[in-house]
Amino acid sequence: MPLLIQSKEIDRIRSTAELFDKNPHLQENARTFRSRPLVDVDPRCLLYVQQREFAATTPADNSVSVIGSDDATTCHLVVLRHTGSGAVCLAHCDGSSTCSEVPLLVKAVASLSNLCKDGRFELHLVGGFNDDSETSHELSLNILAAFQKQKEDIHLETCCITEMNDIADNGTHRPIVYGIGINIKTGDVFPASFTHKGPAEKLRSARTFTGGQMADIYDSSRELVKIDPCKWSPNLDIAFWLSQSDDIILKYLSTSPMAEPPHFVQHIKSTIQFLLEHPNSDSLFPGGQPQVYHRAESGDWERLVQS
């Protein structure tokens with residue numbers, strides 16, 4: 001079934017402008033959403049999702065209260081929730097392979113909801129802005145089109161994307177909302193920021209930086225963060241970037257140089273440094289096993305050593 005808005009099937013979406021013109025309530029919902037106060041999420045209850053990752057769980061989870069992600073400029077943050085089971089998935093999509101990624105999100109929520117006869121799938125989209133290259137607009141359309149191809153009825157509830165998430169400051173456009181969280185107990189989606197982005201922040205960033213595909217990072221049945229083995233080849237040439245100016249790094253390594261958060265360059269440099277320190281990824285996954293983390297009593301994610 002196609003995507004539904006206010007329980008009505010929608011035709012193929014040719015532009016976000018057309019979508020908002022035909023559905024003014026989506027504009028109003030977006031304005032309301034982006035005006036909500038930013039929540040600084042307590043890391044002791046957080047499951048953080050990085051770029052090109054997703055995670056799914058249910059309200060029965062005792063280790064996670066909020067799934068969240070931020071630092072999205074042209075990227076889009078996608079939340080899919082089943083109202084009957086309460087199962088929810090959050091993904092940080094960058095357009096690398098949207099048509100193959102969206103089915104993974106639907107499958108993740110459906111598999112956690114298969115015993116639930118009541119309820120429906122609800123979709124919340126946040127991210128992008130009016131960037132010069134229209135990368136955000138293209139990603140918005142690709143995500144909407146991918147959800148329209150799913151066999152399940154999916155109801156679009158929040159659509160704070162591209163022009164509805166845009167603000168211009170002295171002629172420079174940037175997103176209004178860079179990050180979101182979802183309360184897995186209540187289903188509330190809200191603008192959010194995060195001081196802690198672990199576990200294994202640098203390893204996960206390195207996986208994405210070296211071309212890793214969309215990855216499921218959470219085993220909700222065992223309440224474990226699981227980083228599967230990933231591969232990269234030694235590449236000493238990337239050391240070049242460590243000596244470059246912030247402007248050069250932004251120009252060549254960002255889709256939106258004028259809109260990145262202040263820590264973007266440091267994040268890129270620390271990821272490159274990690275790759276130089278670990279030229280062969282095999283050493284990070286002894287015996288070819290994933291890195292696994294559980295929630296310790298302190299509230300931190302603590303690595304479990306595989307026996």
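Trainee: How do the residues of the lining of the largest pocket divide into nonpolar, polar and charged?

Mentor: In this predicted model, the lining of the largest pocket holds eight nonpolar, 14 polar and seven charged residues. The lining comprises 29 residues, and those nearest the centre of the pocket are Gln-51, Thr-208, Phe-264, His-267 and Ile-268. Helix H5 (201-209) and helix H7 (264-277) are the elements that give two or more residues to this lining, and the space in the pocket comes to about 710 Å³.

Trainee: What makes the protein as compact as a globular protein of that length?

Mentor: The secondary structure comes to seven helices and 19 strands. The radius of gyration is 19 Å, and the globule rule gives 19 Å for 307 residues, so the protein is as compact as a globular protein of that length. Along the principal axes, the C-alpha atoms fill a box of roughly 55 × 50 × 35 Å. Buried residues make up 52% of the 307 residues, and of the contacts between residues at least 6 apart in sequence, 73% join residues at least 24 apart. The accessible surface comes to about 14,500 Å², with 49% of that area belonging to carbon and sulfur atoms.

Trainee: Why is Leu-253 called partly exposed?

Mentor: Leu-253 has a relative accessibility of 27%, and because the class of partly exposed residues lies between the buried limit of under 20% and the exposed limit of over 50%, Leu-253 counts as partly exposed. Leu-253 is placed in helix H6 (residues 246-253), and, apart from neighbours within four places in sequence, Leu-253 is in contact with Trp-241, Phe-264 and Ile-268. Two of these partners, Phe-264 and Ile-268, are also among the residues nearest the centre of the largest pocket, while Trp-241 is twelve residues from Leu-253 in sequence and 9.7 Å from Leu-253 in space, C-alpha to C-alpha.

Trainee: Why does Val-177 count as buried?

Mentor: The relative accessible area of Val-177 is 5%, and because buried means under 20%, Val-177 is classed as buried. Val-177 is found in the loop between strand E12 (172-175) and strand E13 (180-183). Leaving aside neighbours within four places in sequence, the contacts of Val-177 are Phe-33, Arg-34, Ala-72, Val-126, Asn-165 and Pro-191. Arg-36, which is 141 residues from Val-177 in sequence, has its C-alpha 9.8 Å from that of Val-177.

Trainee: Are Gln-6 and Arg-52 buried or exposed?

Mentor: At 55% relative accessibility, Gln-6 counts as exposed, because the limit for that class is over 50%. Arg-52 has a relative accessible area of 12% and is buried, because the limit for buried residues is under 20%. Gln-6 is placed in the loop between strand E1 (3-5) and strand E2 (8-9), whereas Arg-52 lies in the loop between strand E4 (46-48) and strand E5 (53-57). Phi of Gln-6 is near 50 degrees, a positive value in a residue other than glycine, and phi of Arg-52, likewise a residue other than glycine, is positive and near 60 degrees.

Trainee: Which peptide bond is cis?

Mentor: The peptide bond from Gly-198 to Pro-199 is cis, with omega near 5 degrees, and Pro-199 is placed in the loop between strand E14 (189-193) and H5.

Technical notes:
Residues numbered from 1 in each chain as written. Predicted model: local features only at pLDDT ≥ 70, side-chain atom pairs only at ≥ 80, totals over all residues. Heavy atoms only, no water. 1 Å grid on protein atoms, 1.4 Å probe; cavity = no way out; pocket = protein on both sides within 12 Å on 5 of 7 lines; lining within 4 Å. Points joined across faces, edges and corners; volume = space filled by probe spheres on them. Helix = DSSP H or I, 4+ residues; strand = E, 2+ residues; numbered from the N terminus. Nonpolar A, V, L, I, M, F, W, Y, C, P; charged D, E, K, R; others polar. Rg over C-alpha atoms; globule rule 2.2 N^0.38 Å. Buried < 20%, exposed > 50% of the residue type's maximum accessible area, 1.4 Å probe, protein only. Contact = heavy atoms within 4.5 Å. Areas by Shrake-Rupley, 256 points an atom, 1.4 Å probe, with all protein chains shown as cover.
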